[in-house]
Amino acid sequence: MKGMGSDKDAILDLVTSRSNVQRQEIIAAYKCNFGQDLIEDLKYELTGKFERLIVSLMRTPAYHDAKEINDAVKGAGTNEKVLIEVMASRNNQQIQDMVAAYKDAYGSDIEEDIIADTSGHFKKTLIVLLQGTRDESGVVDADLVEQDAQDLYAAGEEQWGTDEAKFIMILGNRSKTHLHMVFDAYEKIGETTIEDSIKNELSGDFERLMLAVVQCIRSVPMFYAKRLYKSMKGYLTVNTSSPLFPGLGTTDNTLIRIMISRSEIDMLDIRECFRLLYEKSLYNMIKDDTSGDYKRTLLNLCGGDDDLAGEFFPEAAQIAYKMWETSAMTKVQLRPTLRPAHDFDPAADAQALRKAMKGFGTDEDAIIDIIAQRSNAQRQEIRQTFKSLLGRDLMKDLKSELSKNLERLTIGLMLTPAEFDAKMMKKAMEGAGTDEHALIEILVTRSSEQILAMNAAYQAGYKNSMEDAIHSDTSGLFCRILVSLAQGAREEDPADEERANADAQELADACNADSDDMENKFMSILCTRSFPHLRRVFQEFVRYSNKDIEQIIKKEMSGDVKNAFYAIVRSVKNQPSYFADRLYKAMKGLGTDDRALIRIMVSRSEIDLFNIRKEFKETHDVSLHEFIQVETMISYVT
């Protein structure tokens with residue numbers, strides 16, 4: 001830092017290659033040798049995000065946490081997300097050290113400041129966590145486990161209204177080991193996860209805090225992997241000038257806070273969980289999303305690129321195994337957004353539609369209000385009644401009166417599900433190019449019954465078999481995968497434990513074979529076994545290989561074959577999450593893939609679009625409704 005300019009490379013290399021304890025010794029030695037305050041000199045010499053990051057690294061963990069809390073509560077607004085992250089993830093000693101550091105640094109009581117700045121059950125839970133008195137003995141009382149599970153169920157799902165105090169008391173005080181067993185017992189009692197119950201029973205910041213506590217009980221590295229993902233602008237690219245999305249982009253304060261606070265604790269496990277959850281390593285996400293000396297410092301803290309790595313770190317393997325186990329055990333209630341209309345009168349609807357299209361101009365709002373608020377079965381009745389009463393073809397009238405995406409969407413809603421799927425398959429294969437992603441999405445996510453109905457509709461509508469069309473438009477192993485799926489012959493049995501172990505072993509062994517043999521073995525199992533069975537297979541695959549099936553597919557395969565197998569795995573794990581990701585990719589960046597957007601919104605509206613909405617919100621911190629409002633003109637469908 002001496003003379004003109006400063007050697008930033010030397011500063012970041014030195015600071016990031018020393019532990020926090022060593023940095024405190026450097027601060028003391030600097031003052032002894034030069035009679036100056038190192039932190040003040042760094043603030044003077046450095047600027048922007050790089051300065052924030054380096055200066056934060058020089059603080060002790062307790063004082064760093066204390067500053068984050070103080071920044072969160074001071075001034076006009078409150079940063080509830082910071083309060084939630086810090087309070088949910090710290091152990092007793094860390095919290096007690098933070099309380100003392102806060103008092104020393106700011107001359108006030110952290111509890112009083114939080115009470116003054118928050119309210120309700122959110123405030124009560126923060127104060128409980130702030131005591132730093134969670135049981136850390138590791139001793140588990142089996143009777144108390146059952147009692148707590150019963151009490152939580154009785155406090156929420158079993159009654160009208162919610163006993164929030166019971167949630168606060170149990171989740172805020174019991175040991176992590178104890179709560180792991182409580183969550184397992186809860187799933188058996190309620191046939192749902194504790195997370196889903198919290199989402200159903202609680203709301204607002206209190207809900208978000210309780211979910212964070214549960215996530216940290218299950219896995220702190222997984223919690224932070226999700227937080228890091230959401231902190232970087234690469235995960236959400238929309239029209240950021242919209243008032244719906246103020247300040248979107250990399251949330252640098254979150255990124256800095258997590259990278260500093262976890263670099264000497266569990267960064268390796270966070271990296272592995274990040275790779276497990278998303279399609280790239282944390283290292284590459286930071287590399288793509290930041291720049292300059294700031295980026296170099298963050299990459300030094302990150303420590304390595306896991307896209308080049310092979311096996312799991314121990315904790316990540318356990319988390320992956322547990323994730324598949326939870327996926328296998330959880331019974332998801334699929335919820336549509338569109339249900340049959342009450343007091344349905346097809347004749348009245350037919351007349352209203354004709355009126356909306358008669359004369360000069362078209363009443364598009366009237367058409368939308370009817371078609372988007374009737375079930376598919378009701379729309380088929382309207383279609384038939386329209387012809388019976390008026391002697392006209394409703395589909396032809398709609399096509400002549402509407403245009404562009406509104407016409408495509410409306411016609412899509414008027415087709416039967418099988419006709420619509422057949423049409424989407426036809427569109428994906430016609431013309432010069434092939435929409436491989438659409439072919440994969442449709443064939444991977446439809447049930448055997450739906451695929452058989454789609455085949456029949458395709459033959460009736462286009463006088464050609466869907467299988468022949470696939471053969472004509474695709475080739476190689478990818479063609480064979482699609483043809484296999486198009487048979488509609490996927491098993492629908494529950495998991496067979498013995499067979500699941502054998503399948504997992506075969507997949508693990510295939511990873512050591514040549515690429516053709518591996519891909520053929522993957523196809524024979526992934527394209528034919530039932531989804532419940534595959535969940536068990538993928539779970540046991542972790543045990544046999546110490547790797548995750550998704551990472552093997554992404555690392556060892558390529559092109560459309562990789563995309564097809566990856567879509568199967570994602571659908572097996574969490575199909576609403578898969579569709580949420582497909583919707584996001586259809587709208588992010590420049591231009592919207594309207595065909596994909598229409599296909600998913602139409603096909604899932606009477607099946608699981610509500611679940612998809614929840615997954616979208618959880619992953620991207622913005623509602624699907626808001627995202628569509630910014631990107632398109634068809635927000636009425638949700």
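**A helix pair and a pocket**

Tutor: The crossing of H35 and H37 is right-handed, meaning that the near helix is turned clockwise from the far one by less than a right angle. Helices here are DSSP runs of H or I with at least four residues, numbered from the N terminus. The model is predicted, so local features need pLDDT of at least 70, side-chain atom pairs count only at pLDDT 80 or more, and totals for chains, interfaces and linings use all residues. Residues are numbered from 1 along each chain as its sequence is written, and side-chain values use heavy atoms, without hydrogens and water.

H35 packs against H37 (residues 609-620) at an angle of about 65°, and their axes are 8 Å apart. Axes are lines fitted to C-alpha atoms over the stretch in contact, and angles run from 0 to 180 degrees between N-to-C directions. The two helices H35 and H37 are therefore roughly perpendicular, a term for angles of 65 to 115 degrees. Contact means heavy atoms within 4.5 Å; on H35 the residues concerned include Phe579 and Leu583, and on H37 they include Ile612 and Phe616.

H35 also gives the largest share of the lining of the second largest pocket, 10 residues. A pocket is an open set of points on a 1 Å grid, where a 1.4 Å probe fits, with protein on both sides within 12 Å along at least five of seven lines; lining residues have an atom within 4 Å of a point. This pocket has a volume of about 520 Å³, the space filled by probe spheres set on the points. Among the residues closest to its centre are Glu279, His437 and Lys585.

Notes. Angles under 35 degrees count as roughly parallel, over 145 as roughly antiparallel, 65 to 115 as roughly perpendicular and the rest as oblique.
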